[in-house]
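Hi there,

Here is the structure I promised to pass along. Have a look, and my notes follow below.

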Amino acid sequence: QVQLVESGGALVQPGGSLKLSCAASGRFFSINDMGWHRQAPGMQRELVASISRSGMTDYAGSFAARFTISRDNDKNTVYLQMNDLKPEDTAVYYCTADVVTKTPDRFYEADYWGQGTQVTVSS
């Protein structure tokens, strides 16, 4: 089993900053891409950013202007640094990881999701 645990969600004032963390644990061979999605009330879940094992990053929309995704492979952890937060950033943020497990005859890759962490931007 693989578990993703997010942390760092909080109530933040507009213009503030917040850093989310997500650590993967369990039994697996390796982790390829990791990323973050978010879902605001009444809105569709949307991709925020992703990062490969080598550190190549991709940002959806205009998130690159204020957000930075990073990872620590030794800790199996992905981070999302969020700056200049706005009320419209209020959402549940979900961590994702493409996890590779090994069987006797093949490798198997599956996408895992965390439980989500609440980020609220309000004065």
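Contact here means heavy atoms within 4.5 Å. This is a predicted model, in which local features need pLDDT of at least 70 and side-chain atom pairs count only at pLDDT 80 or more, while totals for chains, interfaces and linings use all residues. Residues are numbered from 1 along each chain as its sequence is written, and side-chain values use heavy atoms, with hydrogens and water left out.

Let me start with threonine 117. Apart from residues up to four places away in sequence, threonine 117 touches Glu6, Ser7, Gly8, Gly9, Leu20, Ala91, Val92 and Tyr93. A polar atom of its side chain lies 3.2 Å from the backbone nitrogen of glycine 9.

Next, the core. A nonpolar core is a set of buried Ala, Val, Leu, Ile, Met, Phe, Trp, Tyr and Cys residues joined through side-chain atoms within 4.5 Å. The largest one has 28 residues, and Trp36, Leu80, Met82 and Tyr93 touch the most other members. Leaving aside neighbours within four places in sequence, the contacts of leucine 80 include Trp36, Val48, Phe67 and Tyr93.

Five of the six residues of S8 are buried. S8 pairs (at least two DSSP bridges) with S3 in the antiparallel sense over six bridges, and six bridges also join S8 to S7, again antiparallel.

Happy modelling!

Definitions and conventions. A polar contact is a pair of N or O atoms within 3.5 Å; within protein, one must be able to donate a hydrogen and the other to accept it, and residues adjacent in sequence count only if both atoms are side-chain atoms. Buried means under 20% relative accessible area, exposed over 50%, partly exposed in between (1.4 Å probe, protein chains only). Helices (H or I, at least four residues) and strands (E, at least two) are DSSP runs, numbered from the N terminus.
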